[in-house]
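Have the sequence and the 3D view ready.

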Amino acid sequence: MTKKPIVALIYDFDGTLSPGNMQEFGFIQAVGKTKEEFWKMSDGIAVDNDASNVLAYMKLMYDEAHKAGVPLRKEILRDFGRHIELFPGVKEWFGLVNGYGSARGVRVEHYINSSGLKEIIEGSTIAGEFKHIYAGTYIYDSNGEAQWPGIAVDYTAKTQFIFKINKGITSAHDTKMVNAKIAAEKKRIPYTNMIYFGDGETDIPCMKIVGMFGGNPIAVYNPENARKKATAEKLRRQGRVNFIAPAIYTKDSRAYKLVCAIIDKIKADTDLAKLAAGNR
């Protein structure tokens with residue numbers, strides 16, 4: 001029996017599926033800060049120490065949680081995730097795309113590739129839709145308390161997960177399989193079968209890789225934010241992405257039409273390749 005081609009939809013999270021940063025839907029309020037105060041403090045840590053912005057926010061979360069008496073535990077972080085707001089249509093999106101892919105003889109898988117926290121995303125209402133969530137995480141002690149950053153995912157670190165999806169690797173700490181040479185036909189998901197959704201300049205390395213190898217990077221933007229739209233248009237002008245679309249995920253949205261068209265092309269290219277192989 002011929003295997004169905006797999007199409008991977010890979011999403012950034014903050015600004016892509018949600019209109020805000022995930023820490024802004026409960027955690028920042030719980031430690032007694034406004035989002036403006038929190039991110040100013042985080043940026044200050046990064047600038048003053050010439051440090052990673054991601055490690056800076058993870059340290060600030062740790063410090064402020066302890067000051068406020070908020071336990072930094074997996075279950076607490078997941079509880080904050082339950083309150084994340086999502087762009088219109090996101091909750092129904094996965095069923096729509098999966099159904100379309102199935103009708104076209106294609107298997108669709110969804111992945112998160114985020115600089116945010118895996119534990120918060122795991123608490124969101126859509127966590128169960130993803131084949132795997134690649135994101136930052138803490139190391140926890142025997143009592144379940146966060147002690148140290150375990151994984152910090154900045155804009156360049158995100159690129160490793162594109163290669164891992166290509167080879168079917170879910171382990172975050174793996175450095176052997178991801179760098180092993182594997183014949184193209186044995187890789188689980190070809191780059192040409194990838195659709196990458198991102199909203200900003202921190203997604204550029206991933207967009208570049210997916211596009212360079214024949215996949216389809218898409219820049220989405222909050223339609224209520226002129227600055228975000230301008231960023232998406234800039235990414236398109238620079239050739240960083242193939243398409244842009246408002247971050248609306250309903251059945252009548254541009255994003256859905258784009259994905260359906262790309263799925264059709266992937267299926268047609270797969271069928272054509274099989275026919276060509278039969279001529280040998």
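Which residue of β5 does A8 stand opposite?

A8 stands opposite M194 in β5. Please keep in mind that this is a predicted model. The strands involved here are β1, which covers residues 6-11, and β5; they pair in the parallel sense over four bridges.

On its other partner, β5 pairs with β6 (residues 216-221), again in the parallel sense and over four bridges. Here Y196 is the residue that stands opposite P217 in β6. To get from β5 to β6 the chain passes through α8, and this β-α-β crossover is right-handed.

## How β5 is covered

Strand β5 spans residues 194-198, and five of its five residues are buried. Does one face carry the cover, or are both faces covered? Both are: M194, Y196 and G198 are buried on one side, and I195 and F197 are buried on the other.

## The whole sheet

Stepping back, you will find an open sheet of seven strands in the order β4-β3-β2-β1-β5-β6-β7, with mixed pairing. At the edges stand β4 (146-151) and β7 (243-246); each has a single partner strand, so one side of each is left without a neighbour in the sheet. On average, neighbouring strands are turned by 25 degrees against each other, direction ignored.

Between β1 and β2 (residues 107-117) there are six bridges, and these two strands run parallel. Within this pair, I10 stands opposite Y111 in β2.

## Helices on the sheet

Which strands does helix α3 touch? Helix α3, residues 53-68, packs on the sheet and touches β2, β3 (132-140) and β4, with a direction at about 70 degrees to that of β2. Helix α8, the one in the crossover, lies across β2, β5 and β6 and runs at about 145 degrees to β6.

## Where two helices meet

Helix α8 (residues 204-212) also packs with helix α7 (residues 159-167), at an angle of about 35 degrees and with the axes 8 Å apart. From α7 the contact draws on T159, I162 and F163, while α8 brings in P205, C206, I209 and V210.

Technical notes. Residues are numbered from 1 along each chain as its sequence is written. This is a predicted model: local features need pLDDT of at least 70, side-chain atom pairs count only at pLDDT 80 or more; totals for chains, interfaces and linings use all residues. Side-chain values use heavy atoms; hydrogens and water are left out. Axes are lines fitted to C-alpha atoms, for helices over the stretch in contact, and angles run from 0 to 180 degrees between N-to-C directions. Contact means heavy atoms within 4.5 Å. Buried means under 20% relative accessible area, exposed over 50%, partly exposed in between (1.4 Å probe, protein chains only). Two strands pair if DSSP finds at least two bridges between them. A crossover is right-handed if, with the strands pointing away from the viewer, the path from the first strand over the helix to the second runs clockwise.
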